[in-house]
Amino acid sequence: EEKETLYKAALDHIATKYGNLPAGTQAWYLIAAWHVSKAQQYDPLKSDSNRYAYVQAKGICEKVIANRDSSEGKINCQNLLQEIHRKELNLQTEKVNVPDQPFRTLISYRNFTQLHFRLVKVDNKIREQLGNNSWQDDFWKKLLALPVIKTFSQTLPDTKDYQKHATEIKVDALPIGQYALIASVNNDFSLGNTPLAVQYFYVSNIAY
């Protein structure tokens, strides 16, 4: 019973007693990882419980990384800190939207506060040429080479909790057609470690 409480108490004891030794940094890492596991349980629809657990883990990792040793705990903390800072992006849009009326797009985001958008017009032939290999750079190079009909940016709340959040934004009215909405954390839409996302949709007055 209460194994999680006992586990955390044992880690706290080891970290407090031996934390200044290279071997003791692993205990600090495990405490940080314990906070990360709590952060992953955060559900904003239920409560604020565990919302700032990533912040606690980050503070522990930064203290361990500041040590001059090259211990296993320090290396693990460096990797865990990268995970805490990792950017995430996802778009969700209705498949068919009404012509000449603004519509909404749901953004799920983590660890950034500015998002940049490009709207491009597509058709079935273009989508067939692009394929579905969105994990490959070649897909994005072809997509980003398409003529842009509109660009805009959106500022997002700086939550300072390293959690994933969601918000709806407005996309301006468009005429009838088939489109791709491309989003990037970088305003130059460069390929690299920052996320890109695309959402295909139709603007039509025929739907069900």
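1. Two residues are in contact when heavy atoms of theirs lie within 4.5 Å. In this predicted model, and leaving aside neighbours within four places in sequence, Ile107 is in contact with Leu89, Asn90, Leu91, Leu115, Phe117, Leu156, His165, Ala166, Thr167 and Ile169.

2. Ile107 also belongs to the largest nonpolar core, which has 20 residues, and it is listed among those with the most contacts inside that core, together with Leu89, Leu91, Leu115, Phe117 and Phe201. At least two residues of this core come from each of strand 1 (88-93), strand 3 (103-110), strand 4 (114-121), strand 6 (165-171), strand 7 (177-184) and strand 8 (196-203). Another core, of 19 residues, lies apart from it and includes Tyr29, Ala39, Cys77 and Leu81.

3. Why is the pair of Phe117 and Phe152 stacked? The ring centres of Phe117 and Phe152 are 4.7 Å apart and the planes stand at 10 degrees, under the limit of 30 degrees, so the pair is stacked. This pair links distant parts of the chain, since Phe117 is in strand 4 and Phe152 is in strand 5 (residues 148-155), 35 residues apart. Elsewhere, ring pairs link Phe103, Tyr179 and Phe201 into a cluster.

4. The largest pocket has a volume of about 150 Å³, and its lining includes Arg127, Asn132, Trp140 and Tyr200. Strand 8 gives the most to this lining, with four residues, while helix 6 (137-144) supplies at least two. By type, the lining residues divide into six nonpolar, three polar and one charged.

Key: Residues are numbered from 1 along each chain as its sequence is written. This is a predicted model: local features need pLDDT of at least 70, side-chain atom pairs count only at pLDDT 80 or more; totals for chains, interfaces and linings use all residues. Side-chain values use heavy atoms; hydrogens and water are left out. A nonpolar core is a set of buried Ala, Val, Leu, Ile, Met, Phe, Trp, Tyr and Cys residues joined through side-chain atoms within 4.5 Å. Buried means under 20% relative accessible area, exposed over 50%, partly exposed in between (1.4 Å probe, protein chains only). On a 1 Å grid over the protein atoms alone, a cavity is a set of points where a 1.4 Å probe fits but cannot get out, and a pocket is an open set with protein on both sides within 12 Å along at least five of seven lines; lining residues have an atom within 4 Å of a point. Grid points are joined across faces, edges and corners, and a volume is the space filled by probe spheres set on the points. Ala, Val, Leu, Ile, Met, Phe, Trp, Tyr, Cys and Pro count as nonpolar, Asp, Glu, Lys and Arg as charged, and the others, Gly among them, as polar. Rings of Phe, Tyr and Trp (its six-membered ring) pair if their centres lie within 6.5 Å; planes under 30 degrees apart count as stacked, over 60 as edge-to-face and the rest as tilted.
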